[in-house]
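Subject: Structure for your files

Hello,

Here is the structure I said I would send. My notes on it follow below.

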Amino acid sequence: PLGMESGAIPDSHLTASTSYGSSAHDASKARLHSQEGAGAWCAAQNNNKQWLQVDVGAETTVAGVITQGRSSNTYPQRVTSYKLRFSRDGITWSTYLDKLGREKIFAGNSDQDTEVRHLLDPPVTARYVRFWPQTWVHHVSMRVEVLGQKLSFCSTSLPLGMESGAIPDGHITASSQYTTGICAASKARLHSQEGTGSWCAGQNNNQQWLQVDIGAETTVAGVITQGRSSNIYPQRVTSYKLRFSRDGITWSTYLDKLGREKIFAGNSDQDTEVRHLLDPPVTARYVRFWPQTWTGHISMRVEVLGQ
């Protein structure tokens with residue numbers, strides 16, 4: 001739990017489209033198990049334009065939600081279905097989708113006090129969470145909790161399988177290779193000395209890329225790179241960009257805090273690991289390393305880190 005029930009999320013971070021009458025019905029009364037005020041957030045109108053918003057305070061991996069109805073012996077009110085919307089900045093919003101790409105409708109509450117929990121597969125990186133009621137009994141009234149993990153950019157990031165081999169060769173591809181087989185993308189595993197000692201691109205230009213298919217949508221928390229393992233060819237990528245995709249078709253480039261395509265520092269020698277943790281992490285299945293500058297030749301070995 002991220003702090004609705006505990007109070008770690010302050011009242012000022014809880015807002016709503018409308019509230020019914022007095023402050024007894026406002027968003028601050030939407031805390032899970034709360035019996036304060038009217039016993040829930042209660043919207044001023046009953047329509048599907050209403051929403052309850054939780055600002056968790058920082059970008060977070062949101063893994064799920066819990067809902068309850070209104071705590072009241074007099075007013076048996078509850079939300080019976082809802083959608084979820086997420087935002088990183090409080091301005092641009094996206095609705096959570098099901099596996100078919102449709103806006104997902106979450107089952108709500110069949111009574112007032114039983115917790116109904118939904119875990120998100122995949123989780124979402126966001127700061128703001130909106131509960132968007134679709135159907136209700138008697139009145140739009142609810143109490144909630146948000147589940148997740150505040151992003152911690154430290155040793156909790158674990159290798160996803162390049163070095164270990166858990167990611168199979170068939171999931172590692174590239175734009176080109178210098179020599180078939182010995183320079184292939186499968187030679188891009190961290191610390192590998194197989195073949196020519198790394199993936200080596202067929203050409204030296206910034207249209208080259210190395211792609212890792214993790215196998216399923218994952219919270220990608222960082223990457224590690226090395227240059228080519230060779231006593232003869234001192235080759236390495238000195239800067240690169242990262243691109244991500246959930247389906248292998250639609251790609252987005254990782255951005256810095258100013259909204260520009262982020263350029264990651266690469267390697268200054270062939271064997272030292274250079275690690276970058278992503279703040280915020282990205283939910284993706286496919287990761288592309290996109291070299292921008294290099295020494296000698298575009299050659300690299302990599303690992304992908306996840307949570």
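Glu115 is partly exposed, with a relative accessible area of 33%; on this scale buried is under 20%, exposed is over 50%, and partly exposed lies in between (1.4 Å probe, protein chains only). Glu115 forms a salt bridge with Arg117, and the closest N and O atoms are 3.8 Å apart. The term salt bridge here stands for a side-chain nitrogen of Lys or Arg within 4 Å of a carboxyl oxygen of Asp or Glu.

Before the rest, a word on the source. This is a predicted model, in which local features need pLDDT of at least 70 and side-chain atom pairs count only at pLDDT 80 or more, while totals for chains, interfaces and linings use all residues. Residues are numbered from 1 along each chain as its sequence is written, and side-chain values use heavy atoms, with hydrogens and water left out.

Other salt bridges

The salt-bridge rule gives a count of 16. One of them joins Asp11 to Arg31, with 2.7 Å between the closest N and O atoms. Asp11 sits in the segment before strand 1 (14–16) and Arg31 in the loop between strand 1 and strand 2 (41–42), so the partners are 20 residues apart. Asp11 is partly exposed at 45% relative accessible area, whereas Arg31 is buried at 11%.

Arg301 and Asp271 form another salt bridge, again with the closest N and O atoms 2.7 Å apart. Arg301 belongs to strand 17 (residues 299–306) and Asp271 to the loop between strand 15 (264–265) and strand 16 (274–295), so the pair ties together parts that are 30 residues apart in sequence. Arg301 is buried, at 1% relative accessibility, and Asp271 is partly exposed, at 46%.

Overall layout

The protein has 0 helices and 17 strands. These elements are DSSP runs numbered from the N terminus: helices are H or I runs of at least four residues, strands are E runs of at least two. The C-alpha trace spans about 80 × 30 × 30 Å along its principal axes. Of the 307 residues, 51% are buried. Taking contacts (heavy atoms within 4.5 Å) between residues at least 6 apart in sequence, 77% join residues at least 24 apart.

The domain assignment gives domain 1 (11–150) and domain 2 (158–306); such bounds come from an automatic or database domain assignment. The C-alpha centres of the two domains lie 39 Å apart. At the interface, 6 residues of domain 1 are in contact with 6 residues of domain 2. The two domains bury about 490 Å² between them, 47% of it on carbon and sulfur atoms. Buried area is the accessible area (1.4 Å probe) that two parts lose on being put together, summed over both. On the side of domain 1 that touches domain 2, strand 3 and strand 7 are the elements that give two or more residues, and strand 7 has the largest share, 3 residues.

Cores

The largest nonpolar core has 28 residues, and those with the most contacts inside it are Leu52, Val54, Leu84, Phe86, Leu120, Phe131 and Val146. A nonpolar core is a set of buried Ala, Val, Leu, Ile, Met, Phe, Trp, Tyr and Cys residues joined through side-chain atoms within 4.5 Å. Strand 3 (52–68), strand 4 (78–87), strand 7 (116–137) and strand 8 (141–150) each supply at least two residues of this core. Another core lies apart from it and has 27 residues, among them Val212, Ile214, Phe244 and Leu278.

Thr67 is in strand 3 and is buried, at 0% relative accessibility. Beyond its neighbours within four places in sequence, Thr67 has contacts that include Leu32, Tyr82, Glu115 and Phe131.

Backbone points to check by eye

The peptide bond between Asp121 and Pro122 is cis, with omega about 10 degrees; Pro122 is in strand 7. A cis peptide bond also runs from Asp279 to Pro280, with omega near 10 degrees, and Pro280 is in strand 16. His138, not a glycine, has a positive phi of about 70 degrees. His138 lies in the loop between strand 7 and strand 8 and is exposed, at 58%.

Regards
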